[in-house]
Amino acid sequence: MGFVSRGFRGKRRDGADSSRVPPGQHVVNDFPVLSAGPTPRVPLSEWTLSIVGEVDEPKRWTWDEFRRLPSESFTVDIHCVTKWSKLDTTWTGVSLATILEQVETAADFAVAYCDGGYTTNLPVDDLTGQQAWIAFEYDGQPLDPEHGGPARLLVPHLYLWKSAKWVRGISLQAEDEPGFWETNGYHNHGDPWREQRYWGD
Amino acid sequence: MARAAVLGRLTWQLGEVAELIQETPRVSSLVIDLPDWPGHLAGQHVDVRLTAEDGYQAQRSYSIASAPEAPRVTLTVERLEDGEVSPYLVGEVRVGDKVELRGPIGGYFVWRAGDARPLLLVAGGSGIVPLMAMIRHHAAAGSAAPVRLLYSSRSIEDVIYKDELAQLVAGDKRVAVAHTLTRMQPSGWDGYGRRIDGEMVGEVAWPKKDGPAVFVCGPTAFVETASGLLVESGYDPAWIRTERFGATGG
Amino acid sequence: MQQSDLKLDGNAIAGLLREIFTMEMTNAESTCAGCGTVHAVGAVDVYLNAPGAVVRCPACEQVLMRIVHGGGRYWIDLTGTRCLEFRGDPG
């Protein structure tokens with residue numbers, strides 16, 4: 001092998017249960033902030049969440065209405081394509097199953113769109129059941145803007161770029177529509193257990 | 001517009017740490033022997049890459065602190081508490097260790113001694129590093145351009161190159177340094193004792209009729225504040241070059 | 001750490017651009033396809049804490065470039081940059 005820096009280990013944590021760590025990932029204790037642009041700041045009085053597209057009728061919730069939906073706390077592991085994983089993260093949010101129950105749709109595909117212009121695409125099948133939430137609390141506190149607050153999409157079984165920060169709506173569609181990173185090299189699906197990082201993986 | 005240089009491929013090279021200098025409690029300089037170093041310009045940086053035994057790698061950029069005239073390449077690194085690379089470079093690395101780096105990199109944030117305009121340098125914290133390369137180059141080249149440095153630090157203990165700057169000022173009428181200490185000042189302190197503001201900039205900066213060359217470096221918020229104040233004071237934005245350091249990465 | 005500290009500038013991708021272009025690019029001038037303003041690449045906004053580098057216009061914040069490097073490949077989107085201008089060697 002090539003050159004090795006004597007004594008260098010990096011910030012990785014030892015001893016994590018390897019069955020919880022997808023291939024190529026390492027566990028960290030902090031919560032790195034990733035950002036593709038300036039942090040959006042929208043007053044809660046102006047925030048809305050919408051479901052649009054191939055639906056019988058578009059649906060929109062104000063912050064107060066959204067917070068009145070049934071929510072739950074849950075603990076999940078999260079995996080970022082930049083190779084860090086964080087285990088046992090605790091969130092509170094409204095499941096996408098609850099949200100999608102409010103509309104009638106036959107759409108197969110979804111695009112999450114966000115303040116700041118970010119988008120990411122997922123099959124509707126990845127949003128059902130206990131797979132996805134609109135999360136508004138992390139670790140018992142209101143979600144920090146730098147981590148996507150007031151609310152972000154959280155889809156822990158896929159790489160974290162699919163957990164769109166500052167989410168403002170889901171567009172349900174008959175056709176798939178690759179999003180911000182999916183159009184620039186990142187895998188259309190993004191399953192960390194199959195190491196689907198880049199196009200063609 | 002400056003001409004883009006056609007350069008060879010940027011390749012990783014191994015240097016050997018010849019000397020370690022502790023500059024402040026959190027900042028050290030690494031003086032590195034690089035057998036294949038092509039030379040550099042004041043203001044340029046290198047990328048440093050660390051590799052663990054299992055192949056894990058981390059890479060960060062560090063400004064070159066030494067003048068182009070110096071025989072070895074010096075990097076000055078601030079150890080960040082939750083950093084990944086900086087705690088290795090400042091704390092683990094010993095004289096004799098090898099470090100992998102590539103460079104020199106950069107062409108925009110560069111000062112050449114042939115530029116005769118009055119020079120204004122504005123540094124926030126470790127943003128002093130590439131500006132120090134410019135100051136050292138200015139001295140080594142015998143440049144006649146007058147230089148003013150406005151250097152913001154948290155406290156006197158955090159001032160990097162303090163003695164060297166004092167000696168330069170004492171020995172060269174063309175170089176003036178104004179320090180501001182934003183958090184704590186020692187008793188008897190006669191420099192500034194606050195964050196940079198319009199009044200301070202007005203007192204330290206060259207009059208706009210001098211059409212100076214300006215370099216501002218430090219954390220993003222500092223750089224944006226400082227360059228905004230200079231433009232508000234009447235400076236042409238085209239005179240000002242900036243380099244933002246992240247507080248992340250490190 | 002302030003949130004604004006995540007925003008860097010084109011100097012932070014000088015090395016990455018050297019891997020892709022044959023020339024030092026931070027002095028190149030980029031015209032924003034969105035608002036038309038011109039900035040030296042060294043002076044544009046760069047976000048590196050991301051799965052790739054996102055380069056934005058300092059005037060209008062629109063994306064000028066996206067660069068992903070991984071798995072031995074590069075993906076570069078320059079559609080937000082109407083053009084890049086820089087001098088090469090004469091003749």
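Of the 250 residues of chain B, 46% are buried (20 or more other C-beta atoms within 10 Å of the residue's own, with C-beta atoms placed from the backbone). The model is predicted: local features need pLDDT of at least 70, side-chain atom pairs count only at pLDDT 80 or more, and totals for chains, interfaces and linings use all residues. Residues are numbered from 1 along each chain as its sequence is written, and chains are lettered from A and ligands numbered from 1 in the order in which they are written.

The C-alpha atoms of chain B fill a box of roughly 55 × 45 × 35 Å along the principal axes. The radius of gyration of chain B is 18 Å, which agrees with the value near 18 Å for a compact globule of 250 residues (taken over C-alpha atoms; the rule is 2.2 Å times the number of residues to the power 0.38).

Chain B has five helices and 11 strands (DSSP runs numbered from the N terminus: helices H or I, at least four residues; strands E, at least two). Six strands of chain B form an open antiparallel sheet, in the order E4-E3-E6-E1-E2-E5. Strands E4 (57-63) and E5 (73-78) of chain B stand at the edges, each with a single partner strand, so one side of each has no neighbour in the sheet. Strands count as paired if DSSP finds at least two bridges between them. Strand E2 (residues 27-33) of chain B is joined to E5(B) by six bridges, and the two run antiparallel. Leu30(B) has Leu75(B) in E5(B) as its bridge partner.

Key: A residue is buried if 20 or more other C-beta atoms lie within 10 Å of its own, exposed if 12 or fewer, and partly exposed in between; C-beta atoms are placed from the backbone.
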